[in-house]
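Thanks for making time this morning.

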Amino acid sequence: MILFYNLSIETCFSKLKSSSSGLSQQEAQIRLQQNGKNSLPSTKSSTAFSILFSQFQNPLILLLLVAGIISLVIGKHLDAEIVFGAILVNVIIGFFQENKANNALNQLKEMIKSRVIVRRDGQELELDSSELVVGDLVLLSAGEQITIDGRIIKSIDLQVNEANLTGESNSVYKTTKILPTTTGLADRRNMVYSGTVVSGGHAEVLVTAQGSQTELGKISHLVLKTKDRQTPLQHRLKQLSRLISLVAIVISVLIVVLGLIQGRDFFNIFLTAVAVAVAAVPEGLVVAVTVILTLGMKQILRQKALTRKLLAVETLGSITTICTDKTGTLTTGQMQVASLIIDQQELNLQELLNSSNQNKITPFLKLIKAGLLCNNAILEKANDSHPEKTIGSPVESALLDLGLKAGIDRQQLLAQEVKISELSFNSKRKFMISIHRSLDNDYTLYEKGAPEKIIAKATEFLTAHGPQKLTEDDKEKLLKKVADLSSQGLRLIAIASKKLTQFSESQNEKRDWEKLDRNLVLLGLVTLQDPLRPDARQTISLCRRAGIRPIIITGDHPQTAWAIARQLDFKSQLTAVIDGQRLMKTSAEELKIIVQKHDIYARVSPEDKLRIVQALQANGEVVAMTGDGLNDSPALKTADIGVCLGSGTDVARATADLVLLDNNFKVIVKAIHEGRIIFNNIRKSITYLISDSFSEMFLIIGSIFFNLPLAILPAQILWVNIINDGLPNFSLAFERSDQGIMDQPPLPKTEPIINREMKIIIFYLGLIRDFGILLLFIYLYKHQALWGWDLNYLRTLFFALLGFKSISGIFSLRSLKIPIHKIKHWQNPYLFGAFLISLLLLILAIYWGPLQKIVGTVALSLNGWLLIFAISLINIISIEVIKYSFRKKSLLTKKL
C-alpha cells in the first residue's frame with residue numbers, strides 16, 4: 001500500500017502517472033474501464049419475500065409447523081387449522097414490524113453522487129463524481145462534498161469537516177507538507193477523504209483512491225462483511241425449542257412403544273403420541289413473545305427511541321457494556337464558549353450576565369465585541385425547514401452565539417465599525433485580521449487566533465483599569481495558563497486589537513500586513529469546548545448502578561477524550577488512554593486483555609472501533625455501541641445493539657438497531673430499562689404457558705400409563721393453549737417494572753431463559769399439583785356411577801379446570817417476588833379485560849352447541865364448577881407459598 005501522505009507531491013504524480021495538467025481524456029477513459037466507476041459496492045436489498053421467509057426461521061415456528069403438518073396428515077384438520085392460525089398471526093406481526101430493508105450501503109452510495117470540477121488535458125471541466133479515476137486532478141471549494149480520497153497538491157486556506165469519518169468535531173486545516181509514516185487517519189493534514197465536506201478555502205487534489213478503495217469504501221466493506229449476531233433472546237428461545245422438541249419426541253416415542261406393548265391399535269396410539277406433542281408445545285408462546293416485543297417497541301418509542309429490529313427490543317435488557325462515541329453522543333457536537341479570561345479574571349457567560357458591576361464587565365464586553373467583528377460566521381434566520389442557526393467555522397459560530405446570548409446586536413456593531421479589509425485565517429499563519437472604520441473615520445485592527453501567535457505580537461494587555469504593559473514574564477505566565485487549560489481538553493484563542501494611524505484604504509491590494517500586525521493590545525483569552533450533554537453524567541452514573549460498564553471510544557485526541565471522561569467520573573489516568581497507534585500494534589488476543597482493563601480509547605479508526613467491540617464480545621460481553629457518524633457504522637452493526645443519535649448520518653441510522661429521536665443520551669438507559677421489563681414479561685409468559693403445557697402433557701401421559709382414556713382431547717388442548725390463554729398471556733406485555741429492576745446486574749449471557757424460580761413453579765409445583773389432578777381424574781373415572789359423570793363430562797370438567805386454573809393463576813404470576821395482595825392490579829387493566837373475555841369464551845365452549853361439537857364438550861353442573869374453583873384457589877395459594885420462600889431466600893442472601 002502506497003502511503004501518499006508520506007510522499008512528496010512530485011513522487012505522488014510519478015506513482016500515479018499524472019501531472020499538474022491532469023490526465024488526458026484518453027487515459028482517464030482507459031482507467032475508468034479498468035477500475036470501474038467511483039461508486040461503492042452494491043448489495044441486494046431485502047425483498048418482501050425474504051423478510052417473510054425470515055419469519056419462519058424462528059425455531060418455535062418450525063416446531064409448530066411440524067405439529068400442524070402432522071395433524072393435517074392424520075386427518076385432524078381442526079387441530080391443524082388452529083396451529084396454522086397461530087403461525088399466521090405471528091408471521092403477520094413479525095413481517096409488518098421488520099419490513100424495513102437494511103439500506104446502509106445504498107445510502108452510502110447516495111452520499112457520493114455529485115458533480116465535480118476536474119482538470120484533464122490542462123482544461124477544467126465538470127463531471128459526475130462517478131467518472132473520477134485515480135490520477136485525476138480535482139478542484140475543491142467551500143461547501144463541496146468530497147467524493148474521493150486524495151493528496152493535496154495546492155491549498156488556499158483549505159478547511160475540511162471530517163466529523164463523519166474521524167469523529168473530530170472541529171474543521172481541520174489542511175496543508176501540503178509531507179507527514180511521517182506513523183501518522184494516523186485523523187492527523188493526515190495533507191489528505192482529503194470521501195464522505196467529508198469542504199468547510200472553507202480551495203484546493204487542488206490528486207485522486208489516490210476511488211470507490212471501494214477509499215476509506216469510505218473500506219467502511220462499506222466492513223458493513224457488508226459484518227454479519228448480524230444472534231440476539232440473546234434468539235439463542236435462549238433456540239435452546240428452549242430444542243428442549244421442548246426433545247421432550248416431545250422422546251415422550252411420543254415412549255408412548256408408541258408402551259402402547260404397542262399394551263396391545264393398543266397402532267393408529268390410535270400414534271394419534272395419542274401426536275396429542276402429547278401438541279400438549280408439549282406451548283402454541284401461544286411464539287405469538288405472545290412477538291406481541292410483547294411489539295408492544296415493547298411502542299413503549300421504547302414513547303421514550304423517544306425508535307427500535308428498528310423486533311428482537312433487538314429484548315437485547316437491550318441484557319446489555320453489559322456500552323461503548324459510546326464522544327462527539328455528538330456524550331457531547332453536543334457543537335463548539336461553545338466556556339469562559340472569557342482578562343488579566344487575572346475568568347468569567348463564564350452566566351457570571352457575566354448576572355454581574356451588576358459595570359466596571360468589571362466592560363472589558364469582557366469589549367472582548368466579545370472584538371470576537372464578533374473579527375468574524376465571518378453568519379446567522380441564518382429560522383424558517384419552515386429549519387430553526388435559527390449559525391453558519392461558519394466552529395470557533396466563529398461559537399463567538400457569534402456568545403454575542404447573541406450577551407444581547408449584542410452584531411448588525412448594529414458592524415454598522416458602527418464597517419469592515420474594510422481582511423487577512424483570512426490559514427493553518428500556516430494561525431490567525432485572522434480584520435480592519436474596521438468607525439463613524440468618526442477612526443481605524444481599528446482586530447485579530448484572533450492561536451494564543452502563542454497573538455501573545456508574541458502583543459505589547460500591552462487589557463485590564464479593568466485600561467491597557468497595561470505586557471512583560472516577558474507576563475507572556476510566560478499566560479502561555480503556561482494556556483497550556484494548563486489545554487490539558488483540560490479546552491481549546492483556546494486569543495483576541496487582540498490595535499488603533500491604526502495614518503491608515504489608507506486605497507492601499508488594500510498592496511497592504512503590508514506584517515507591518516500592521518505589531519504592538520497589539522491583548523484583549524483576552526477565550527476558552528471553547530464541545531460541552532457534555534446535560535444528562536450525560538447522570539446517565540453514565542445510572543449505567544454503572546445498573547451493572548453496565550461505560551467505555552469511551554472516540555476519534556478525538558487522547559487529552560480531549562480524557563478530559564471529557566474526567567467530567568463523567570471515569571477514574572482512568574491520562575496514561576491509561578489507549579490510542580489508535582497502540583491498537584495498530586495490538587493482536588486480537590492482546591486486545592481481549594486490554595478491553596478488560598481500559599475504558600477510554602482515542603484517535604481510533606473505524607476498524608479499531610470494530611475490533612474493540614469484537615474483543616468485548618469475545619469476552620462474553622453483550623455490547624451496545626453508540627455513535628452518530630459514518631465512522632461508527634461498522635461497529636454499530638457488529639454490536640449486539642447499535643444505538644444511533646437522531647442527528648446522526650443516514651448510514652449510521654440505517655445500520656443501528658436503536659435510533660434516539662431527541663439526541664438525549666439518557667434515553668439509552670430508559671430503553672435498557674424497558675428492555676429489562678420486556679425480558680421479565682417474556683419470562684412471565686413462558687412460566688404461564690409452559691405450566692399449562694406441563695399440566696396437559698402430565699394428564700395425557702398419566703392416562704396412557706394407567707391404561708385409561710385420554711383425560712383431555714387434542715382440540716381441547718389447542719383451545720386452552722391458544723384461545724383460553726392467548727389474551728391473558730398477551731396482557732402480560734403491558735406489565736410495568738418490578739421494583740429495583742435497574743439496581744440488578746445484567747443477566748449473564750449464558751443464563752437460560754427458564755431460571756431457577758421458574759423451574760420450581762413450572763416443574764416442582766406442577767408435578768405435585770398435576771399428580772393430584774391426575775389422581776382426581778382416575779378416581780372420578782373409576783367411580784362414574786357414583787358421581788353420574790360419564791367420560792365426555794369428565795373430559796369437559798378437566799378441560800374447564802385447566803382453563804380456569806390458568807386464567808386465575810395469572811394474577812399471582814404477575815410477579816415472582818411480590819405477594820398477590822401487594823401487586824398493583826389496577827396498573828394493568830388489560831389483564832382484567834383478558835380474564836373476563838377468556839372466561840366468557842370458556843363458558844361458550846362448554847355451553848354453546850356449535851362450539852361443543854368443535855371442542856368436544858358437554859354442559860357442566862354447579863358441583864363441577866365448585867370443584868374447579870376449589871382446585872384453582874389451592875393452585876394460587878401454592879404459588880404464593882413458593883414466592884414467599886423466594887423472598888425469604890433473597891433476604892437471607894442480602895444479609896450474608
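Let me begin with a definition: a nonpolar core here is a set of buried Ala, Val, Leu, Ile, Met, Phe, Trp, Tyr and Cys residues joined through side-chain atoms within 4.5 Å, where buried means under 20% relative accessible area, exposed means over 50%, and partly exposed lies in between, with a 1.4 Å probe and protein chains only. Please keep in mind that this is a predicted model, in which local features need pLDDT of at least 70 and side-chain atom pairs count only at pLDDT 80 or more, while totals for chains, interfaces and linings use all residues. Residues are numbered from 1 along each chain as its sequence is written, and side-chain values use heavy atoms, with hydrogens and water left out.

The chain has 896 residues, of which 55% count as buried, and its secondary structure comes to 35 helices and 26 strands, these being DSSP runs numbered from the N terminus, with H or I over at least four residues for helices and E over at least two for strands. If contact is taken as heavy atoms within 4.5 Å, then among contacts with a separation of 6 or more, 73% are between residues 24 or more positions apart.

Which residues have the most contacts inside the largest nonpolar core? That core has 121 residues, and the ones in question are L240, L568, I682, I686, I753 and F799. Its largest share, 19 residues, comes from helix α28, residues 666–705. L240, once neighbours within four places in sequence are set aside, is in contact with L285, I686, I690, I753 and I754. A second, separate core has 33 residues, including A377, L399, M432 and V526.

Now to the helix pairs. Axes are lines fitted to C-alpha atoms, for helices over the stretch in contact, and angles run from 0 to 180 degrees between N-to-C directions. Helix α29 (residues 714–731) and helix α33 (residues 829–847) have axes that come within 7 Å and cross at roughly 165 degrees; the two are therefore roughly antiparallel, given that angles under 35 degrees count as roughly parallel, over 145 as roughly antiparallel, 65 to 115 as roughly perpendicular and the rest as oblique. On the α29 side the contact is made by W719, I723, N724, L727, P728 and S731, and residues from α33 including Y830, L831 and A834 meet them.

Helix α15 (residues 358–373) and helix α16 (residues 394–405) pack at about 130 degrees with axes 9 Å apart, and are therefore oblique to each other. Their contact is made by I368, G371 and L372 of α15 with L399, L400, L402 and G403 of α16.

Helix α22 (residues 558–567) has T560, A561, W562, A563, I564 and A565 as its buried residues, and these pack against α13 (326–330), β21 (549–553) and β23 (600–602). After α22 comes D569, in the loop between α22 and β22 (578–579), with a positive phi near 70 degrees in a residue other than glycine. Most residues other than glycine have a negative phi. At a relative accessible area of 32%, D569 is partly exposed. K430, in the loop between β14 (417–423) and β15 (431–438), likewise has a positive phi, near 65 degrees, and counts as partly exposed at 36% relative accessibility.

Finally, T175 lies in the loop between β5 (172–173) and β6 (191–192), and is 253 residues from K428 in sequence but 8.2 Å away in space, C-alpha to C-alpha.
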